[in-house]
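I opened this notebook to record what I looked up in the structure shown below. The entries follow the order in which I consulted it.

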Number of protein chains: 2
Amino acid sequence: MRLSKRMEKMQDRELLRLMELAEAPDMISFSGGFPSPQTYPIAEIKEALTEVLDLHGYEALSYSSTSGYLPLREKIAKRMNKKYSMQLSAESVIITSGSQQGLDMCGMLFIDKGDIVLCETPSYVGALNAFKAYGADFIEVPTDNEGIIPSELEKILSEYGERIKMAYVIPDFQNPTCRCWTAERRRAFMNIMKDYDIAIIEDSAYEEIAYEEMDRPSLISLDDKGQVINCGSFSKIFCPGFRVAWICSSESMIEKFLLLKPNIDLSSSSINQRMIDVYMDKFDLDEHIGKIIELYKSRRDLAVSTMKRCFPPNVTYEIPKGGIFVWISLPQGYNARELLQLALQKKVSFVPGGSFYTTSGKENEIRLNYSNMCEEKIVKGIEILGGLLRDFLK
Amino acid sequence: MRLSKRMEKMQDRELLRLMELAEAPDMISFSGGFPSPQTYPIAEIKEALTEVLDLHGYEALSYSSTSGYLPLREKIAKRMNKKYSMQLSAESVIITSGSQQGLDMCGMLFIDKGDIVLCETPSYVGALNAFKAYGADFIEVPTDNEGIIPSELEKILSEYGERIKMAYVIPDFQNPTCRCWTAERRRAFMNIMKDYDIAIIEDSAYEEIAYEEMDRPSLISLDDKGQVINCGSFSKIFCPGFRVAWICSSESMIEKFLLLKPNIDLSSSSINQRMIDVYMDKFDLDEHIGKIIELYKSRRDLAVSTMKRCFPPNVTYEIPKGGIFVWISLPQGYNARELLQLALQKKVSFVPGGSFYTTSGKENEIRLNYSNMCEEKIVKGIEILGGLLRDFLK
């Protein structure tokens, strides 16, 4: 059958097959952005699910409202308010089926063919693909370890003007680089952007996985004009299997998302929303997140110390202060996709950094995830990579 | 912020507010297309969920694969094969987050701005809205109680030619009319369509809710060229709260849907898919559907006998042979939207038929759902409607 034009831009299925291969059970996988299953509070989830079915079975198994389960939206608003001294109400929150759905909805809401989306360089490929499906063009704003560089942003804004419809940024422990914007850069960014009629998508998927205290005001808390759409998720701080996430924004912006939601899946899973709500009533989510952070921090330390021991000295990386990735640079001229082929033969996988750029040519980087493998595999996998790198970089 | 052009065509939020009002707890609602919560097998679901969490908790709480949980896809293929003597494999099935997501994906896959979608007249407004978001134009093919009229279809196909990209049809107990296509019409439809390069979306949401034996070959079972995309769902035969549905098509077509799924929500809920799979292993889904049919058939009988007793004789309807709606016609010139305003004051709701047409002007019909209200409310609500109608049609 004749497909739509947007299908011409769709990611090759071969790449998806490669991702599946990378997650084969016998693989030491540093590739996915997956949380560690050992953090899932299975007994507590069972208790919460039992309570939901016993007390509210009929409602939990019916359709949810378009905006999502009100008590859960209230809890999400309350957590945001507490963290960022804001005054959001539940009307500023819509539940989405995973944060990816929130990103897709942003594409749907703002992007016409040929519109420009600004993003960090590099950026999360899953978001870029979602926007690409609506015909977006991309401009990567030069970014350093402190965040998007304000002077570069200004240059791009004045050059491309009205064609820019959206900026997509991940200020906290970014995917793939694990960079965290400084408070100063956040303020500078918002201060520049407030003069433009451009939606700002703030992806906060990793925001709560922080290994140290830092001043990190969310962009939405710095927003005076209802410009920021903040996408958060229970996937990394709880479990991804429920597909429950959220968007926070101004009430009038949330009204727009409510127009889209019936078209794309009617509503998110009612039982899953209610289960998380009951879990948050009965148990302490923040305490649970504390345990996740403790585990990931120790895995980060193990990954970094093993890299230090096994990687050649011309392979460089920053030590991440949060999130679940290390971003690794090989010397210029080496191609991480070639290294991946060698690694797969040794049953080790990672994602070549080139996948996270909107233009080709930057191929000497690696995204290494350390949250999802046990300690033994982290050491073994990095030792194998170290051995391969010593040969590969000769 | 500046929105995308597609937002100009989005349904008014006022209409959604009206739908919410129609579902208020004190309302006798004949409006939603909702299954009856009393059919939900809560105890069995609890048992299945407990087993999933006890035996496969880690996997159930992680991301699912893009295509969905393999054993569940195998079961769906097997049921299709048994019903329609087909030989589908699990590779012909992708799990979607509700059937609505499947419809949205069809829009994404096929529709460019200005492409024409053929549909029955009237048709399911939720599907039409999803396609409209991709810029679809619509042509309603004249339809009678046996289905789409072949000669009318041929006329439209020859007139509009290549602009037609998709046909969206609901051959079984259609939403909103509850019409069921005859086997002859199904064959005639496929026989005509096979000469055109047009995707056929077969919406089977109500297909299993049949009150009597009829020869109803699915369009996908009559398809020799991989033209049909069959959308099915657990929402009406089990529970909608899990948001688990599916698309069946040729393996090469499913490959295309697999390109879209990562962009829109990464994957459907893993625990929900596994729960339904375990439920189907431990319990008899067909027996469960049998009980649903029995309940809805008795509610249909009650609704129809009450309508017969209370409605003026110039209000007409067909007795539905399946599904969950009765389609009611007022005499020409009367507007069901006006009747709805009166009914809402008496705390009774339904959907005015005009909502299901792509062009305006056809306003004298009513979609009445009878699956979701208890027997007492069915009688009371129809008595109230009858009283209103006697005044309204004076």
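**Entry 1: the model.** I noted that this is a predicted model, in which local features need pLDDT of at least 70 and side-chain atom pairs count only at pLDDT 80 or more, while totals for chains, interfaces and linings use all residues. Residues are numbered from 1 along each chain as its sequence is written, and chains are lettered from A and ligands numbered from 1 in the order in which they are written.

**Entry 2: chain A as a whole.** I looked up the secondary structure of chain A and found 12 helices and 15 strands; helices (H or I, at least four residues) and strands (E, at least two) are DSSP runs, numbered from the N terminus. The radius of gyration of chain A, 21 Å, is close to the 21 Å that the globule rule gives for 394 residues, so chain A is as compact as a globular protein of that length. The radius is taken over C-alpha atoms, and the rule is 2.2 Å times the number of residues to the power 0.38. Along the principal axes, the C-alpha atoms of chain A fill a box of roughly 60 × 55 × 55 Å.

I then checked burial: 53% of the 394 residues of chain A count as buried. A residue is buried if 20 or more other C-beta atoms, placed from the backbone, lie within 10 Å of its own. Among the contacts in chain A with a separation of 6 or more, 75% come from residues 24 or more positions apart; two residues are in contact if their C-beta atoms, placed from the backbone, lie within 7 Å.

**Entry 3: the domains of chain A.** The domain assignment gives domain 1 (5-41 + 287-392) and domain 2 (64-282) of chain A; such bounds come from an automatic or database domain assignment. Their C-alpha centres lie 24 Å apart. I found 27 residues of domain 1 of chain A in contact with 31 residues of domain 2 of chain A. Helix 10 (285-310) and strand 12 (325-329) of chain A each supply at least two residues of the domain 1 side, and helix 10 of chain A gives the largest share, 6 residues.

**Entry 4: a sheet in each chain.** Two strands pair if DSSP finds at least two bridges between them. Strand 11 and strand 12 of chain A are joined by 2 bridges, and Thr316(A) has Ser329(A) as its bridge partner.

In chain B, 4 strands form an open antiparallel sheet in the order 11-12-15-14. Strand 11 (316-317) and strand 14 (351-352) of chain B each have a single partner strand, so one side of each is left without a neighbour in the sheet. Pro352(B) stands opposite Ile366(B) in strand 15 of chain B.

**Entry 5: how the chains meet.** How many residues of chain B are in contact with chain A? I found 65 residues of chain B in contact with 65 residues of chain A. Helix 2 of chain B gives the most to the side that touches chain A, with 9 residues.

Chain B superposes on chain A by a rotation of 180 degrees with 0.0 Å of shift along its axis (RMSD 0.0 Å). That is the relation of a two-fold axis; the superposition is by least squares on the C-alpha atoms of residues with pLDDT of at least 70 in both copies. Finally, 100% of the interface residues of chain B are also interface residues in chain A, so the copies meet through the same surface.

Technical notes
A residue is buried if 20 or more other C-beta atoms lie within 10 Å of its own, exposed if 12 or fewer, and partly exposed in between; C-beta atoms are placed from the backbone.
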